[in-house]
Amino acid sequence: MALNNIITRLEEIKESNLLASKKRTELYRNILELSKIVINETMVNSYFSKVVSECLSNSNFSKFSLVVLEDEIDYISDAGDSFSIFYNDSKQVNYIKYQSNNNTSISLKKHSNVIDITEEDSKLQNTIVTKKRHYKLGEECSIRSISKSVTLIDDNKETNVKETYSYEESNKLVSKTISSSYKENGFTFMRENYSRILDDDEVSYTKSDIEIIKANNDKERIMNSQSTVKKLMLLI
């Protein structure tokens with residue numbers, strides 16, 4: 001389905017008299033088609049479509065306007081939602097970004113044999129909460145890591161905490177990493193990192209997801225004297 005047709009269909013769904021649950025389903029189906037212009041992998045397309053359609057269902061948009069740039073096409077709604085379609089040097093679409101009207105963005109990007117879905121939420125003042133799902137293509141697609149980070153920006157100061165679960169193909173194990181960093185004027189003054197291999201009863205791995213069974217708290221490992229780091233850890 002052509003891009004313009006997908007966007008037109010989103011407008012039609014939003015203006016229809018369908019029940020809210022049916023609208024979400026129809027929005028999902030059309031975002032699924034949109035995501036395929038970057039990559040056609042069921043687990044990737046399904047997750048991206050789910051989170052974007054949930055945002056769209058909560059928006060009051062009705063119409064999109066088209067803006068065409070050299071390596072980018074933007075569809076901007078009357079409510080402030082937008083879809084940005086980016087092209088690589090070969091004029092292939094390798095990146096889609098959805099920006100909601102409430103400071104949430106969700107992107108799907110393919111580079112080489114790697115696919116990333118990134119969700120950013122900046123509703124809290126001076127704070128960005130980022131969730132990322134990292135996939136790798138081979139004979140088949142599989143998820144390699146999931147992460148959540150919180151970044152506090154205060155003028156030229158930046159404090160970040162991050163929790164990552166990574167699948168290590170060589171030993172078929174999942175590791176957990178917790179880190180924090182502090183930057184000022186672009187220079188890093190403090191960085192801490194703690195990592196360990198998870199036991200079988202703590203995590204479940206499938207090719208489509210990394211599910212945390214037992215959320216053991218390792219955060220105190222890097223909770224140093226900085227009160228800002230401690231506060232941000234509460235958001236992880």
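The model is predicted: local features need pLDDT of at least 70, side-chain atom pairs count only at pLDDT 80 or more, and totals for chains, interfaces and linings use all residues. Residues are numbered from 1 along each chain as its sequence is written, and side-chain values use heavy atoms, with hydrogens and water left out. The chain has four helices and 13 strands, assigned as DSSP runs numbered from the N terminus (helices: H or I, at least four residues; strands: E, at least two).

**Overall dimensions**

- For 236 residues, a compact globule would have a radius of gyration near 18 Å, and the value of 20 Å for the chain agrees with this. The radius is taken over C-alpha atoms, and the globule rule is 2.2 Å times the number of residues to the power 0.38.
- The C-alpha trace spans about 55 × 45 × 40 Å along its principal axes.
- Of the 236 residues in the chain, 42% are buried, where buried means under 20% relative accessible area, exposed over 50%, and partly exposed in between (1.4 Å probe, protein chains only).
- The chain exposes about 12,900 Å², and carbon and sulfur atoms supply 45% of this area; accessible areas come from the Shrake-Rupley method with a 1.4 Å probe, and for residues only the protein chains shown count as cover.
- Among contacts in the chain with a separation of 6 or more, 37% involve residues 24 or more positions apart; a contact means heavy atoms within 4.5 Å.

- Helix 1 (residues 3–15) has 13 residues and should span 18 Å at 1.5 Å a residue; its end C-alpha atoms are 19 Å apart, which agrees. The expected span is 1.5 Å times one less than the number of residues in the helix.
- The buried residues of helix 1 are Leu3, Ile6, Ile7, Leu10, Glu11, Ile13 and Lys14. Viewed down the axis of helix 1, these residues fall within an arc of 165°, so they line one face of the helix; the arc is that of the directions from the helix axis to the C-beta atoms.
- The packing partners of these buried residues are helix 2 (20–35), helix 3 (42–57), strand 1 (64–68), strand 2 (72–77) and strand 3 (82–87).
- Helix 3, with 16 residues, should span 22 Å at 1.5 Å a residue, and the 22 Å between its end C-alpha atoms agrees.
- Buried positions in helix 3 include Val44, Phe48, Val51, Val52 and Leu56, together with Asn45, Ser49 and Ser53.

- The hairpin of strands 5 and 6 has two residues between them, and Ser112 in the turn has a positive phi of about 60°.
- Ile106 in strand 5 is the bridge partner of Tyr98, and the bridge partner of Ile106 in strand 6 is Glu119.

**Two buried serines**

- Ser84 is located in strand 3 and counts as buried at 12% relative accessibility.
- Beyond its neighbours within four places in sequence, Ser84 is in contact with Glu72, Ile73, Asp74, Tyr95, Ile96 and Lys97.
- Ser84 and Val67 are 17 residues apart in sequence, with a C-alpha to C-alpha distance of 9.4 Å.
- Ser149 lies in strand 8 (residues 142–154) and counts as buried at 10% relative accessibility.
- Not counting residues up to four places away in sequence, Ser149 touches Ile128, Val129, Thr130, Asn160, Val161, Lys162 and Ile236.

Technical notes: Two strands pair if DSSP finds at least two bridges between them.
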